[in-house]
Amino acid sequence: MALAAATALAGTALASTGSGGSATAGTAPPPRRPPAWCKPGGTLSARTMPQRVRIADCDLRGRMVRGANGLAAVVPSDGTSLVAHEMRTDGAAELRIRVNARAGEITIGTLGGRVPQGRPRGVRAPVAACGDGVHRLEPSRWPRGTTVQWRYYAGTAGLPMGPFAKGIANMVGARTDCGAGRFTPPPDVREHGAGRAAHAPDITAAAACGARDGVNTFGWHAMPGAARQVLAATCTWFRGPTTVESDMALQAQGKRWWTGGACTAGSYSAEAVATHEAGHVLGLAHVEGTEHQNLTMAPSIASCDDDPATLGKGDYDGLISLYGGR
Ligand SMILES: [Zn+2]
């Protein structure tokens, strides 16, 4: 009894401190007039705003922002930050949105853009994937030893689940054709397909990152509003250095996919694209430069190319620096 009373008293003391604090906050100066680019409603263009936005000037949280490379995302309003990736037939694009509510700042960074069709190949001779140890890391990863639970979204196009299951398994299993089939030890991260998803990935019909729902969802998603070059999009949300959700969508509309048998000209290997996107799910970023084009995390894929379904040395080294070996 005495103990319970003491606890209750302590609670009262805490509560009164809290209300004192909020009274102080009430004396903060009124918000300034928002800058001209901070228009209400619709999508905001990162081109028109500073790279670092003070939340007091324009609270972007919950707003759709489009990067200079065309990639767009809803700025998270739950304290998370995000990285968006798009794989296109003409290259790849990335958008990073960091929300730092404590510092009152949101930073927006875009990387990559469109690589012109028919660019000269081999400006620098490509290095063989088994000997190319180059890798780059995203700002976040899952905690070491995590089993990434994901759900499959089938969509309505009648395309198979196999490429997604294989793609994520290729990454966590460090599948390779350099030697014995797998790099060893595998990274200390696992994956588990937890069945069908009730909802589509949190990626809009225009291939933008939407608001997250807490479920890692991978699947076929009709994105009629996306640029016609878009093959896939992956959105990863993180808090501090830790990934909390990742969704992956392959374009189920208007693209020809190679999902088995012989490749029909102009089709893209779904397993290869899913493997590359699974690299983003786990925290691998792109490696730029033609000399690295044989790695899974190179930011481009040719039609009928299934090489990215097997990892190169740099892809593996990146996973080990993120997760260590198990
Ligand atoms: Zn990518």
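What follows is a chat about reading a predicted model, feature by feature.

Biologist: Before we start, what are the ground rules for this model?

Modeller: It's a predicted model, so local features need pLDDT of at least 70 and side-chain atom pairs count only at pLDDT 80 or more, while totals for chains, interfaces and linings use all residues. Residues are numbered from 1 along each chain as its sequence is written.

Biologist: Fine. How many helices and strands does the chain have?

Modeller: First, the terms: helices (H or I, at least four residues) and strands (E, at least two) are DSSP runs, numbered from the N terminus. Here the chain has four helices and 16 strands.

Biologist: And what percentage of the residues is buried?

Modeller: "Buried" means 20 or more other C-beta atoms within 10 Å of the residue's own; "exposed" means 12 or fewer, "partly exposed" is in between, and the C-beta atoms are placed from the backbone. By that count, 44% of the 326 residues are buried.

Biologist: Now sheets. How do I read strand pairing?

Modeller: Strands of a sheet pair through backbone hydrogen bonds, either parallel or antiparallel. For the bookkeeping, two strands pair if DSSP finds at least two bridges between them. Take S13 (242-251): S12 (residues 230-239) pairs with it in the antiparallel sense over eight bridges, and Thr236 has Ser246 in S13 as its bridge partner. The two strands form a hairpin with two residues between them, and Gly240 in the turn has a positive phi of about 60 degrees.

Biologist: Which strand runs parallel to S13, and over how many bridges?

Modeller: That's S11 (217-221), joined to S13 by four bridges. Phe218 stands opposite Met248, and Trp220 stands opposite Leu250. S11 also pairs in the parallel sense with S9 (residues 147-153), over three bridges; there, Arg151 has Thr217 as its bridge partner.

Biologist: Are S11 and S13 buried or exposed?

Modeller: Five of the five residues of S11 are buried, so S11 is largely enclosed by the rest of the structure. S13 is mostly covered too, with nine of its 10 residues buried.

Biologist: What does an open sheet look like in this model?

Modeller: There's one of three strands, in the order S1-S3-S4, with mixed pairing. S1 (44-45) and S4 (72-74) stand at the edges with a single partner strand each, so one side of each has no neighbour in the sheet. S1 and S3 (residues 64-66) pair in the parallel sense over two bridges, and Ser45 has Arg66 in S3 as its bridge partner.

Biologist: Next, the core. What should I look for?

Modeller: In soluble globular proteins, nonpolar side chains tend to be buried together. A nonpolar core here is a set of buried Ala, Val, Leu, Ile, Met, Phe, Trp, Tyr and Cys residues joined through C-beta atoms within 7 Å. The largest one has 78 residues, and Val65, Ala73, Ala84, Ile97, Leu250 and Val273 touch the most other members.

Biologist: What is Val65 in contact with?

Modeller: Two residues are in contact if their C-beta atoms, placed from the backbone, lie within 7 Å. Leaving aside neighbours within four places in sequence, Val65's contacts include Leu44, Ala72, Ile97 and Ile108. Across the chain, residues 24 or more positions apart account for 66% of the contacts with a separation of 6 or more.

Biologist: Why is helix H4 described as largely enclosed?

Modeller: Because eight of its 11 residues are buried, among them Tyr316, Leu319 and Leu322. The buried residues of H4 pack against S8 (136-137), H3 (270-282) and S16. Just after H4, Gly324 takes a positive phi of about 70 degrees.

Biologist: Which residues other than glycine have a positive phi?

Modeller: Ala207 is one of them, at about 65 degrees. Ala207 sits in the loop between S10 and S11, and counts as buried because 25 other C-beta atoms lie within 10 Å. Cys304 also has a positive phi, near 60 degrees; Cys304 lies in the loop between S16 (284-285) and H4 (313-323) and is partly exposed, with 15 C-beta neighbours inside 10 Å.

Biologist: Where is there a cis peptide bond?

Modeller: Between Thr184 and Pro185, with omega about -10 degrees. Pro185 is in the loop between H2 (162-172) and S10 (190-196).

Biologist: Last one: why does Gly254 count as exposed?

Modeller: Because 11 other C-beta atoms lie within 10 Å of Gly254's own. Gly254 belongs to the loop between S13 and S14 (257-258).
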